[in-house]
Amino acid sequence: MGALGDEEFRAEVRAFIAAELPSDMASRTLLGYHPHKPDVEFWTAKLDKRGWAALNWPVEYGGTGWSITKRHIFDEECYLAGCPAVNPQAFHLVGPIIYAIGNEAQKNFFLPKIRSGEHFWAQGFSEPNAGSDLAALQTRAVREDDEYIVNGQKIWTSEAQYCDWVFCLVRTSTEGRKQAGISFLLVDLKAPGITIRPIIGIEGGHVLNEVFFEDVRVPVANRIGEENEGWTYAKQLLGAERTFSAVVPRCKGLAVRTRAIASRDGSKGRGKLIDDPHFARRLAQLEIELMAHEATLARVVAEEEAGVNQHSPTPSILKVKGTELLQKLGALAIEALGDSAIPDYPEADYLLDPPNDAPGAPAAYGVVSDFLYHRSATIYGGANEVQRNIIAAQLLRA
Ligand SMILES: Cc1cc2nc3c(=O)[nH]c(=O)nc-3n(C[C@H](O)[C@H](O)[C@H](O)COP(=O)(O)OP(=O)(O)OC[C@H]3O[C@@H](n4cnc5c(N)ncnc54)[C@H](O)[C@@H]3O)c2cc1C
């Protein structure tokens with residue numbers, strides 16, 4: 001993908017990672033467990049020092065100003081080497097909204113703290129009765145002088161338990177269309193009246209939370225843009241990251257890991273699974289689909305850089321294909337592990353005390369957890385059924 005300049009860039013990224021990434025951190029990340037906050041803080045600070053933390057931001061806000069192709073190369077190298085991912089809600093979601101819509105005070109206060117890893121952000125959009133139909137949200141913000149008083153509940157709030165701030169869509173008016181009365185607030189998660197309750201996932205990990213707001217006072221100065229215009233900003237934010245939702249680096253990493261698992265010597269004198277033509281064909285089929293998916297991503301990136309075809313439903317197509325591939329690869333990895341997939345390797349145990357003598361370890365660490373967690377990939381970021389509706393509507397309109 002790309003000209004010689006891009007390959008030189010790839011070599012530069014590899015050299016940086018080789019020099020700066022501690023090997024224990026890389027192995028923790030590569031196993032697929034949820035991010036370990038101290039690792040993310042460490043790596044974000046390293047990237048910031050090099051000027052590479054905010055790869056998707058413009059230079060004037062401390063970003064790299066890289067082309068989309070370079071960002072893709074960087075993401076891929078980081079993922080395959082096991083670099084901890086920076087807080088996605090901060091860098092990919094709220095950061096771009098703050099520099100695009102926020103005022104000078106908001107930009108000056110929040111952006112440097114995101115880049116340095118000092119502030120971690122959560123996304124407070126979904127509610128118990130507002131997911132796909134997000135505009136049905138009911139969390140109320142009532143203005144009292146220079147503050148909003150917020151009451152309501154958010155749900156599925158990823159990583160809220162260790163985030164510092166949450167960006168929320170709240171209802172500031174019930175007049176007119178439901179999309180019309182929504183505002184975009186930045187809320188300090190340490191504010192009095194906020195309660196965070198964990199939701200333990202099917203994989204046994206703690207990523208998800210419910211967040212309750214009871215008379216939480218939020219300064220009007222923490223509103224992004226105009227009152228009742230939050231829906232417009234949210235739409236901008238949700239369509240922003242085209243390449244991010246394609247999960248190409250994650251799929252590639254999983255394909256490599258699945259091939260490695262299947263290439264191990266079988267137990268009790270059984271040969272390697274990869275020598276079984278039926279298994280080899282199925283893995284090859286997914287690898288081919290992944291190559292086609294990556295080629296689609298490359299085409300989309302090229303179109304985006306050339307400023308053409310801006311209104312095609314490609315983000316939705318990339319999200320649907322990438323997340324479905326991820327789930328198929330995860331299922332094949334578990335099949336390749338066979339009996340070794342049965343023991344549970346919870347992340348807490350692994351992070352504190354890796355059980356190296358467990359059957360199948362370390363090949364099996366994280367595989368089942370990662371697979372189970374990513375059952376949700378076809379739901380979060382906009383359910384795939386809804387993405388298919390978008391694809392159909394946009395293609396039929398074209
Ligand atoms: C792991 C995970 C992390 C998440 N992190 C966050 C977060 O950090 N912040 C946040 O705000 N939210 C987060 N979410 C919430 C996520 O955005 C919602 O789950 C998602 O938008 C779907 O909403 P819902 O769960 O209410 O399901 P619903 O909208 O109730 O959908 C239920 C089912 O009905 C289908 N459906 C709904 N409407 C249609 C339609 N019009 N046509 C066809 N089918 C339809 C859906 O596809 C789905 O299969 C997360 C979710 C998960 C699973």
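Let me start with a contact: 15 residues of domain 1 touch 16 residues of domain 3. In contact means that the C-beta atoms of two residues, placed from the backbone, lie within 7 Å. On the domain 1 side, helix H4 gives the most, with eight residues. By class, that side has five nonpolar, six polar and four charged residues. Nonpolar here covers Ala, Val, Leu, Ile, Met, Phe, Trp, Tyr, Cys and Pro; charged covers Asp, Glu, Lys and Arg; the others, Gly among them, are polar.

Some ground rules. This is a predicted model: local features need pLDDT of at least 70, side-chain atom pairs count only at pLDDT 80 or more, and totals for chains, interfaces and linings use all residues. Residues are numbered from 1 along each chain as its sequence is written.

Now the layout. Domain 1 is 4–86, domain 2 is 121–236 and domain 3 is 242–397. Those bounds come from an automatic or database domain assignment. Helices (H or I, at least four residues) and strands (E, at least two) are DSSP runs, numbered from the N terminus.

Back to H4. It covers residues 68–81, 14 residues in total. From first C-alpha to last it reaches 20 Å, close to the 20 Å expected at 1.5 Å a residue. That expected span is 1.5 Å times one less than the number of residues. Its buried residues are Thr69, His72, Ile73, Phe74, Asp75 and Cys78. Buried means 20 or more other C-beta atoms within 10 Å of the residue's own; exposed means 12 or fewer; partly exposed is in between, with C-beta atoms placed from the backbone. After H4 comes Gly82, with a positive phi near 90 degrees.

Next, where does the ligand's shell lie? Domain 2 and domain 3 both give residues to the shell, so it lies between them. Of the 18 residues around the ligand, Phe125, Gly131, Ser132, Ala383 and Glu385 come nearest. Near means a C-beta atom, placed from the backbone, within 6 Å. Helix H13 (384–397) gives the most, with three residues. The shell has seven nonpolar, ten polar and one charged residues.

Last, the largest nonpolar core. It has 55 residues, and Cys163 is one of those with the most contacts inside it. Such a core is a set of buried Ala, Val, Leu, Ile, Met, Phe, Trp, Tyr and Cys residues joined through C-beta atoms within 7 Å. Domain 1 and domain 2 both give residues to this core, so it lies between them.
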